Amino acid sequence: MSSSACIRFLRDYVAIPSVNPMGRQDVPDEISGETRLAEHLRSQLRGLGIDAELVGEGARQSVVAEVRAADPNAETLLVASHLDTVPVDGMAFDPFDPVIHDGQLRGRGACDTKAGMAAMVDALARVLDRGRLRRHLILVGEADEELSSVGVRDVLEHLGPRRPDWVLATEPTEMQVVHCHKGVVHAKLEARGLACHASNPSAGRNAVVALSHAAVALEALAERLALDPHPRLGPATLNIGLMHGGHAPNIVPDHASLVADRRVLPGESVESVRAELEAALSDAGLEEVAVTACSLEKPALGTSEDHASVRACSRALERAGRPGSPTGVAFGTDAGVFEGAGVPGVVLGPGSIARAHTAREYVEVDQVEAMAEVFAELLSGV
Ligand SMILES: [Zn+2]
C-alpha cells in the first residue's frame with residue numbers, strides 16, 4: 001500500500017464527505033456541503049505555516065490560502081481545486097472509504113477533484129520544506145463547482161481588487177495541460193397561440209405546432225454549426241432537451257415551450273447565442289415564437305496557446321518527463337469562470353474525466369504521485 005504524502009492527504013480528503021446537494025433536498029446534512037473539508041484544509045495548511053481562511057457561508061464555504069515567493073516581483077498563480085463532489089446515489093462501494101485496490105484509490109471525489117488538491121498540497125509542502133517558491137501562490141479550494149460556481153464568486157469577493165496573473169484549475173485531464181474548453185448556454189423558447197375547441201381548430205392558433213416549426217429551425221441551425229469546427233474543440237452544438245405544451249387533446253394549445261442546451265466555443269457569449277436563435281426564428285418566419293430566457297451556465301475557456309500559464313505548465317510537465325503540448329477538453333471547469341472574471345488560465349490534473357461522476361470513481365495512485373512532482377516543478381521552476 002502506498003504511503004506517499006499525497007496519497008495520505010487524498011485518503012483524508014475522500015473520507016470527509018463534501019457532496020454538492022445540487023439543489024436537492026434529500027441529501028443528508030452529514031454528507032452535504034464543503035465546509036468540513038474546507039476546515040480540514042485550513043488546519044492542514046496552517047500546519048505548514050501558511051495563512052489560510054474560510055470564505056463564504058454556512059455549509060458551503062471555500063478555503064483560501066496565500067503564500068508569498070521570496071521575489072516580490074514574482075507573478076501570482078491562483079490554483080483552484082474544487083471541494084465539492086457530485087452526489088453518491090448508486091455508488092458501487094462506500095463512497096467515503098478510500099480503499100486502494102490494484103493501484104486505484106476509490107471514492108467519491110477521488111478523481112474529481114480531490115486528487116488534484118492532494119497533489120498540489122504535497123507539492124507545496126515539499127517546495128516550502130526544501131525548495132524555493134518562484135511564484136506567489138493563492139491556493140483555493142472552492143465550493144460549488146458542480147453547479148453554480150458560488151465558491152469562485154466568494155473567492156473573488158475576498159480578493160477584492162486583487163487579481164492573480166493566471167489560474168490553474170485542477171480537474172482530471174490525465175496530466176495534460178488544457179487551454180480551452182466549451183461553455184454552456186441554456187435558452188428557453190416559448191410559443192404563444194390562441195386556445196379554442198379542437199372541433200374547430202382554425203378558430204385558434206396552435207402553439208405546439210408553431211414550436212415544432214421552431215424545433216425544426218433549430219435543428220437546421222445545429223447542422224450549420226457543425227460545419228464550422230473549432231480546431232481543438234470541434235463544433236459548437238445545440239440540443240433540444242425539454243419540450244412542453246398543451247393542456248388536453250381536445251383543446252388547441254395556447255402555449256408551448258422548449259429548453260435548448262447550446263455548447264459554446266471560446267469567444268461566443270450569451271448575447272451572441274440569443275441573437276443567433278432570434279435570427280433563426282425570424283428567418284423561418286416564426287413571429288409567434290420568442291427566446292424568453294438565455295443564461296450562461298458555464299463560460300468557455302479560450303486561453304491562447306502561448307500564454308504564460310500554458311508555457312509554465314508545459315515546461316513543468318516536460319521537465320518531469322511528460323508530454324507538455326496543450327490540448328482542449330469537452331467539459332466545463334471553474335477556469336472558464338475565472339477567465340470570465342478577467343483571469344486567463346489552464347486546467348491540469350491527475351485522473352480521467354471518464355472516471356468522474358461514475359458509480360466506480362477512482363484515480364490511479366501513480367498518476368497522483370506523478371502530478372505532485374509536476375506541481376512541485378511548477379511552483380519551484382522558472
Ligand atoms: Zn471537477
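In the predicted model, the zinc ion is coordinated at 1.8 to 2.1 Å by His82 through NE2, Asp112 through OD and Glu171 through OE. Donors are taken as N, O and S atoms within 2.8 Å of the metal (3.2 Å for Na, K and Ca), and water is not among the atoms, so sites may look incomplete. Along the chain, the donors of the zinc ion follow the spacing H-x29-D-x58-E. Histidine 82 lies in the loop between β3 (76-80) and β4 (100-101), whereas aspartate 112 belongs to helix α3 (residues 110-130), so the pair ties together parts that are 30 residues apart in sequence. Helices (H or I, at least four residues) and strands (E, at least two) are DSSP runs, numbered from the N terminus. Histidine 82 and aspartate 112 are both buried, where buried denotes under 20% relative accessible area, exposed over 50%, and partly exposed in between (1.4 Å probe, protein chains only).

This is a predicted model, in which local features need pLDDT of at least 70 and side-chain atom pairs count only at pLDDT 80 or more, while totals for chains, interfaces and linings use all residues. Residues are numbered from 1 along each chain as its sequence is written, and side-chain values use heavy atoms, with hydrogens and water left out.

Leucine 83 is likewise located in the loop between β3 and β4. With a relative accessibility of 2%, leucine 83 counts as buried. Beyond residues up to four places away in sequence, leucine 83 touches residues including Leu37, Ala38, Leu41, Lys114 and Met117; contact means heavy atoms within 4.5 Å.

Helix α2 (residues 35-47) has 13 residues, which at 1.5 Å a residue should span 18 Å; its end C-alpha atoms are 18 Å apart, in agreement. The expected span is 1.5 Å times one less than the number of residues in the helix. The buried residues of α2 are Thr35, Leu37, Ala38, Leu41, Gln44 and Leu45, and these pack against α1 (5-14), β1 (51-55), β2 (62-67), α3 and β6 (136-141). Glycine 49, whose phi is positive, near 80°, follows α2.

The largest nonpolar core contains 58 residues, of which Leu105, Leu139, Leu168, Phe375, Leu378 and Leu379 touch the most other members. A nonpolar core is a set of buried Ala, Val, Leu, Ile, Met, Phe, Trp, Tyr and Cys residues joined through side-chain atoms within 4.5 Å. The greatest contribution to this core comes from α3, with eleven residues. Neighbours within four places in sequence aside, leucine 379 is in contact with residues including Leu77, Met120, Leu124, Val127 and Leu137. Another core, of 32 residues, lies apart from the largest one and has Leu211, Val273, Val291 and Ala300 among its members.

Three strands form an open sheet in the order β4-β5-β16, with antiparallel pairing; strands are said to pair if DSSP finds at least two bridges between them. Two bridges connect β4 with strand β5 (residues 104-106) in the antiparallel sense, and isoleucine 100 stands opposite leucine 105 in β5. Helix α3 lies across β5 and β16, running at about 45° to β16. Helix α9 (residues 365-380) also packs on the sheet, where it touches β4, β5 and β16, and its direction makes about 60° with that of β16. Axes are lines fitted to C-alpha atoms, for helices over the stretch in contact, and angles run from 0 to 180 degrees between N-to-C directions.

A further open sheet comprises four strands in the order β10-β11-β9-β12, with antiparallel pairing. Its edge strands, β10 (237-245) and β12 (289-298), each pair on one side only, and the twist averages 20° from one strand to the next. Strand β9 (residues 183-192) is joined to β12 by eight bridges, with leucine 189 opposite valine 291 in β12. Ten bridges link β9 and β11, and eight link β10 and β11. Within β11, seven of the ten residues are buried. Helix α5 (residues 207-225) lies across β9, β10, β11 (255-264) and β12, running at about 170° to β10. Helix α6 (residues 270-283) packs on the sheet as well, touching β9, β10, β11 and β12, and its direction makes about 155° with that of β12.
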